[in-house]
Amino acid sequence: VRTVSIIGIGAGDPDQVTVQAIKALGRAEVIFVIDKDAEDLVGLRREMIVRHAAASRTVVLADPPRDRAAADYRAAVEAWREQRADVWGAAIERELGDDGVGAFLVWGDPGLYDSTIAVIDRIRARVAFDHEVIPGISSPQALAARHRIPLNRVGGAVEITTGRLLDDGCGEDTVVMLDAACAFTGLAADGLDIYWGAYLGTADEILIAGPLGEVAEEIVRVRREARERKGWMMDTYLLRRSRAAE
Ligand SMILES: C[S@@+](CC[C@H](N)C(=O)[O-])C[C@H]1O[C@@H](n2cnc3c(N)ncnc32)[C@H](O)[C@@H]1O
């Protein structure tokens, strides 16, 4: 049977690739790499492949364009996943023999804001193959470790959300991902601390932490400058509301 591994490769630090991921990379004959705009990201992925899967063949898949201006966000994502399933499904059938093993590398962990599992499920409705998911270090985990904090406090909950959803406010401990618009600037800063991290685990990593009211402007400026310098930005942050009794 053909097998497809969905391998979480961590959020940027090549040393944060797990032993399980390295073994799975070693088993893969074909590594499917999605051709994304961010050259740096593709470069980091290649570095990991070379280090851990030297024996495999790399097949680059063109990523269908996504309609980011669509009025119906969910419908646009659905259409895009369907197109991805077409491209990837054809590649799996074309590139993998009857017992072939292929791998898709997923940034961070495949279980967090990533469509790879959903796309593979779609393909499995049409093409027969086994599949497995290998977890990876996610960006919230990398963020917490670099700031040397736990994500939750005693008995508390942690919400993981997106910048888009932050407009509705935040709870006690909230991790925000996918925020190109600095949604934290729209919050009432009173009683909130922010732990911000960009390019976590890479040589360009930037960390800023402090009371939101004091560091928000600095984060916006540093973020803009870094984005201009590198051409792309990847950042995550935790918002922590002070507890009355603490
Ligand atoms: C499409 S999501 C993928 C998340 C990924 N599956 C994970 O487990 O972290 C992309 C978002 O993850 C966050 N992210 C991923 N890698 C990061 C890194 N090295 N530093 C900071 N944020 C990162 C950013 O919020 C970015 O907008």
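The model is predicted, and local features require pLDDT of at least 70, side-chain atom pairs count only at pLDDT 80 or more, and totals for chains, interfaces and linings use all residues. Residues are numbered from 1 along each chain as its sequence is written, and side-chain values use heavy atoms, with hydrogens and water left out.

Helices (H or I, at least four residues) and strands (E, at least two) are DSSP runs numbered from the N terminus, and two strands are paired if DSSP finds at least two bridges between them. Six bridges join strand β2 (residues 30–35) to β3 in the parallel sense, and Asp35 stands opposite Ala62 in β3. Contact here means heavy atoms within 4.5 Å.

Another open sheet of five strands has the order β6-β7-β10-β8-β9 and mixed pairing. Its edge strands, β6 (159–162) and β9 (206–211), each pair on one side only, and the twist averages 15° from one strand to the next. Strand β8 (residues 192–198) pairs with β9 in the antiparallel sense over six bridges, with Asp193 opposite Pro211 in β9. Helix α5 (residues 139–147) lies across β7 (173–177), β8, β9 and β10 (235–241) and runs at about 110° to β8. Helix α6 (residues 212–230) lies across β8, β9 and β10, at about 160° to β9.

The ligand is surrounded by 16 residues, of which the closest are Ala11, Asp109, Ser139, Asp235 and Thr236; a residue is near the ligand if one of its heavy atoms lies within 4 Å of it. By class, this shell has nine nonpolar, five polar and two charged residues, where Ala, Val, Leu, Ile, Met, Phe, Trp, Tyr, Cys and Pro count as nonpolar, Asp, Glu, Lys and Arg as charged, and the others, Gly among them, as polar. A polar backbone atom of Ala11 is 2.6 Å from a nitrogen atom of the ligand, and a backbone N or O atom of Asp235 lies 2.6 Å from a ligand oxygen atom. An N or O atom in the side chain of Thr236 is 2.7 Å from a nitrogen atom of the ligand. Taken alone the ligand exposes 570 Å², of which the protein buries 89% (Shrake-Rupley method, 1.4 Å probe).

Definitions and conventions: Polar contact = N/O pair within 3.5 Å; in protein donor to acceptor, adjacent residues only side chain to side chain. Axes fitted to C-alpha atoms, helices over the stretch in contact; angles between N-to-C directions.
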